[in-house]
Amino acid sequence: MEFLQNPLFVGGILPMIFFGMMDFSFRLYAKEIPFQNVFFYTSLGGCITMFILNFSLFGASFDQLQQFIELFSQQAIFAGILLGIIWTISISSMGFAYEKLNANAAQIVPIASSSGLLGALLGIFFLDEKISLLIFSLSSLCIIIGIIILSQAENNNSSVTISLKKSLLPILIGGFIPFFGFGALNILFKIFGELNAGILGIIMACTGMIISFLIQKIRKQKFIHKPILMNSGIFWALAVASLGYGFYPLLGNASTMLPIVGASPLISLFFVKIFLKENVNWNFVMLGAIIIICSLGALNYWG
């Protein structure tokens, strides 16, 4: 099927869907369960799924187990640990903002989701990807506006006015840390992509489990066993694997793929409406979706 060889579909649309599903799953539990517990099972589910993907999508074979083990080179281990640390910091900051700072998704999701645009911009400057900077800037601005509109689609019924200090802290921790973290993570993932995205994913997930275990020890909280949380890791692994496959071997450009990935709040919002039965303003959803889709179309057609 030709679309499975299209980097914009494999490395853009599929990760957008899977990251949206992961965001919904993570949000579902992060306010009820300590974020390190959620992240531990996310990492565990991701590790298991990545291992399976290595023997399917990325062509590893049990008959060539020695060759598979050799893929865990010193360079791959270093890259995977580095990516794992950045990933852990980014996603844990969102979990901490949800759990301890009562962050509203409408506050932090637009900022964190804009990390795809940061990664795309880094791709233009550091990977010498050819794209019109003017079209990219205009499209990015429209995409951000669309994401902000989407974030406002979840009606907030609370009449409590939050102080400026209390509203800024969750935005800084849950929004801007993931913005820079995920932006750097995406571009580094492309740089290290030839090392095998599946191997990098396994090492990233193992790094996440270790760090979440250390956070658990530091916080001295009772560990909550909830294996269903692994579904967040499954979605994450599918997103990372498809993104990695779009980068290599399909050789997609970060400047065109990552803005598509950044539209994942659209998917998350649909799941919020369907499964959480929350009051969602569909006028905002449609307006935000139209702006994002038109902006992505303009970026990929004229960029």
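Q: Why does Asp128 count as exposed?
A: In this predicted model, Asp128 has a relative accessibility of 53%. Exposed means over 50%, so Asp128 counts as exposed. The residue lies in the loop between α6 and α7.

Q: What makes Lys220 exposed?
A: The relative accessibility of Lys220 is 75%. The cut-off for exposed is over 50%, and Lys220 therefore counts as exposed. Lys220 is placed in the loop between α9 and α10 (230-247). Phi of Lys220 is near 55 degrees, which is a positive value in a residue other than glycine.

Q: What is the overall make-up of the protein chain in helices and strands?
A: The protein chain has 13 helices and 0 strands. Of its 303 residues, 54% are buried. The accessible surface comes to about 14400 Å², and 69% of that belongs to carbon and sulfur atoms. Among contacts between residues at least 6 apart in sequence, 87% join residues at least 24 apart.

Q: Why is α6 called roughly antiparallel to α7?
A: Helix α6 (residues 115-126) and helix α7 (residues 133-151) pack at an angle of about 170 degrees, with their axes 11 Å apart. Angles over 145 degrees count as roughly antiparallel, and the angle between these helices therefore makes α6 roughly antiparallel to α7. On the side of α6, the contact is made by Leu117, Ala120, Leu121, Ile124 and Phe125. On the side of α7, it is made by Leu133, Phe136, Ser140, Ile143 and Ile144.

Q: Why is Ser114 called buried?
A: Ser114 has a relative accessible area of 7%. Buried means under 20%, so Ser114 is buried. This residue lies in the loop between α5 (105-113) and α6. Not counting residues up to four places away in sequence, Ser114 touches Ile144 and Phe179.

Q: What makes the pair Arg219 and Glu99 a salt bridge?
A: The closest N and O atoms of Arg219 and Glu99 are 3.0 Å apart. A salt bridge requires a side-chain nitrogen of Lys or Arg within 4 Å of a carboxyl oxygen of Asp or Glu, and the pair therefore forms a salt bridge. The pair links distant parts of the chain, with Arg219 in helix α9 (residues 197-219) and Glu99 in helix α4, 120 residues apart.

Q: Are Arg219 and Glu99 buried or partly exposed?
A: Arg219 has a relative accessibility of 22% and counts as partly exposed. Glu99 has a relative accessible area of 18% and is buried. The two residues carry separate labels because buried means under 20%, while partly exposed covers values between that cut-off and 50%.

Q: How do you know that Glu129 forms a salt bridge with Lys190?
A: The closest N and O atoms of Glu129 and Lys190 are 2.6 Å apart. The limit for a salt bridge is 4 Å, so the pair qualifies. Glu129 lies in the loop between α6 and α7 and Lys190 in helix α8 (residues 164-191), so the pair ties together parts that are 61 residues apart in sequence. Glu129 is buried, as its relative accessible area is 7%. The structure holds 2 salt bridges.

Q: Why is Ile89 called partly exposed?
A: Ile89 has a relative accessible area of 48%. Ile89 is found in helix α4. Together with Ile77, Ile81, Ile85 and Ile177, Ile89 forms a nonpolar patch on the surface, with about 380 Å² of accessible area together. Helix α4 (residues 74-100) gives the most to the nonpolar patch, with 4 residues.

Q: Why does Gln75 count as exposed?
A: Gln75 has a relative accessibility of 51%. Exposed means over 50%, so Gln75 counts as exposed. Gln75 has its place in helix α4. Its C-alpha atom is separated by 9.1 Å from that of Phe192, 117 residues apart along the chain.

Q: What makes helix α11 mostly covered?
A: In helix α11 (residues 254-261), 8 of its 8 residues are buried. Among them are Ala254, Met257, Leu258 and Val261.

How values were computed:
Residues numbered from 1 in each chain as written. Predicted model: local features only at pLDDT ≥ 70, side-chain atom pairs only at ≥ 80, totals over all residues. Heavy atoms only, no water. Buried < 20%, exposed > 50% of the residue type's maximum accessible area, 1.4 Å probe, protein only. Helix = DSSP H or I, 4+ residues; strand = E, 2+ residues; numbered from the N terminus. Patch = residues over 30% accessible without salt bridge, like charges linked within 9 Å, V, L, I, M, F, W, Y side chains within 5 Å. Areas by Shrake-Rupley, 256 points an atom, 1.4 Å probe, with all protein chains shown as cover. Axes fitted to C-alpha atoms, helices over the stretch in contact; angles between N-to-C directions. Parallel < 35°, antiparallel > 145°, perpendicular 65-115°, else oblique. Contact = heavy atoms within 4.5 Å.
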